[in-house]
Amino acid sequence: MALLEVRDLSVRFVRKSEPTVSAVDGVSFDVHPGSTVGLVGESGCGKSVTSLAIMGLLPGRGTEVTGSVNLEGSELLRLSRREFDRRRGKDLGMVFQDPLTSLNPVVPIGLQISEVIERHRGLSRRDASREAAKLLERVGIPDPDRRLKEYSHQLSGGMRQRALIAMALACEPRLLIADEPTTALDVTIQAQILTLLKELVAETGTALIMITHDLGVVAGMCDEVNVLYAGRIVERAQRHELFSQPRHPYTAGLMASVPRLDSPRGQRLAPIEGSVADNIPWEGGCAFSPRCGNALAVCRERAPELETVEQGRLLRCHNPIGAAEMERAHD
Ligand SMILES: Nc1ncnc2c1ncn2[C@@H]1O[C@H](COP(=O)(O)OP(=O)(O)OP(=O)(O)O)[C@@H](O)[C@H]1O
Ligand SMILES: [Mg+2]
């Protein structure tokens, strides 16, 4: 059974004197214990808004959230603010992109972590502090007893991100959401943090939602991948299937714009023309059609539905890659 079931989640920002922004539009996916689900797509496609909606962290005013977010049988979207605060930390953990803004600059790291442990696990201050030291060690921070007394500005970027992960793990959350957890870090530290997250998922059975625009991260981490475009899922597949055969032209475009070690020397990368700012909304046809090399007349008239096209693969496209070959194979 799935730990988290997201169904038809939509988020709209309604502002006076501004057009309504439909940031997330009918998104559904499941996350199972001990597995990692990726949400990928370029800037502005709705990744963070999706995770903030799941965590109950969107601003209340001017935000319309509909659909359902079910965590082990309880509907998160109906929780009061206070109930949400209790579930967060206990069942739900989150690691944000920028650790500096997520840590309190005037409270020592150790106290920030042990407070969470005290509150959620009901330990004494002393035991909580001992637990905090263990956690810092667990995430690879050397000399944890000294580090516990330090403030966030005294830690390097990689250390801060580790401290943040330690804090998210303090209450052994059933679900962890990591929103671009390594984009601010250099490559070697990036690799260490990703390895750490992978170990945690394997050892504790935590379910992980990995949010990234980086297909390299996806390739190394995710079991299942959801590709988002303009607030909607356009392709979903198991990682191996997605990389061996992307079917949505947008997914293929994302992959073609990533450098590969095995491509011939001198071969140019192929950026996807245009940007999300060129988006037409989905009402006027497929939102990707202005940038799509595969677009047909129908793509500019009618938005495609998300359909199961093969075992484990969902696709929202009138003219996917390999459609002709597939039809021939069926004949
Ligand atoms: N509070 C808000 N009010 C109005 N619009 C918002 C708000 N938060 C996000 N948006 C809009 O919602 C859309 C999705 O934003 P989101 O932050 O989810 O993108 P993202 O996929 O996380 O991008 P990035 O990769 O840059 O982090 C964007 O068009 C953004 O401008
Ligand atoms: Mg974001």
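Is D91 buried or exposed? In this predicted model, D91 has a relative accessible area of 10% and is therefore buried, since the cut-off for that class is under 20%. The residue lies in the loop between α2, which spans residues 81-90, and strand β6. The side chain of D91 is joined to that of R87 by a polar contact of 2.4 Å. Beyond its neighbours within four places in sequence, D91 is in contact with L71, P173, R174 and L175.

Strand β3, residues 36-40, deserves a separate look. Five of its five residues are buried, so the strand is largely enclosed by the rest of the structure. In a regular strand the side chains alternate between the two faces of the sheet. In β3, T36, G38 and V40 point one way while V37 and L39 point the other way, and all of them are buried. The strand has a parallel partner in β8, to which it is joined by five bridges, and L39 stands opposite I211 of that strand. Another parallel partner is β9, joined to β3 by four bridges, and here V37 stands opposite E224.

We turn next to another sheet. It is an open sheet of four strands, in the order β2-β1-β4-β5, and its pairing is antiparallel. Strand β1, residues 4-13, is joined to β2 by seven bridges, the two running antiparallel, and E5 stands opposite D30 of β2. Helix α1 packs on this sheet, where it touches β1, β2 and β4 (63-71), and its direction makes about 115 degrees with that of β1.

How many of the nine residues of helix α1 are buried? The helix, which runs over residues 47-55, is mostly covered, with seven of its nine residues buried; these are K47, V49, T50, S51, A53, I54 and M55. Just after α1, G56 takes a positive phi of about 65 degrees.

Helices also pack against one another. Helix α7, residues 157-169, and helix α8, residues 187-204, pack at an angle of about 15 degrees, and their axes are 10 Å apart. Because angles under 35 degrees count as roughly parallel, α7 is roughly parallel to α8. The crossing in which α7 passes α8 is right-handed. On the α7 side, the residues G158, Q161, R162, I165 and L169 meet I189, Q192, I193, L196, L197 and L200 of α8. Helix α8 also contains T195, which counts as partly exposed at 39% relative accessibility. T195 and G220 are 25 residues apart in sequence, while the distance between them in space is 9.0 Å, C-alpha to C-alpha.

A further helix pair is formed by α4, residues 109-121, and α5, residues 125-138, whose axes come within 8 Å and cross at roughly 120 degrees. The two helices are therefore oblique to each other, and their crossing is right-handed. The contact involves G110, L111, I113, S114, E115, I117, E118 and R121 of α4, together with R125, A128, S129, E131, A132, L135 and L136 of α5.

Key: Residues are numbered from 1 along each chain as its sequence is written. Chains are lettered from A and ligands numbered from 1 in the order in which they are written. This is a predicted model: local features need pLDDT of at least 70, side-chain atom pairs count only at pLDDT 80 or more; totals for chains, interfaces and linings use all residues. Side-chain values use heavy atoms; hydrogens and water are left out. Buried means under 20% relative accessible area, exposed over 50%, partly exposed in between (1.4 Å probe, protein chains only). Two strands pair if DSSP finds at least two bridges between them. A polar contact is a pair of N or O atoms within 3.5 Å; within protein, one must be able to donate a hydrogen and the other to accept it, and residues adjacent in sequence count only if both atoms are side-chain atoms. Contact means heavy atoms within 4.5 Å. Axes are lines fitted to C-alpha atoms, for helices over the stretch in contact, and angles run from 0 to 180 degrees between N-to-C directions. Angles under 35 degrees count as roughly parallel, over 145 as roughly antiparallel, 65 to 115 as roughly perpendicular and the rest as oblique. A crossing is left-handed if the near helix is turned anticlockwise from the far one by less than a right angle, and right-handed if clockwise.
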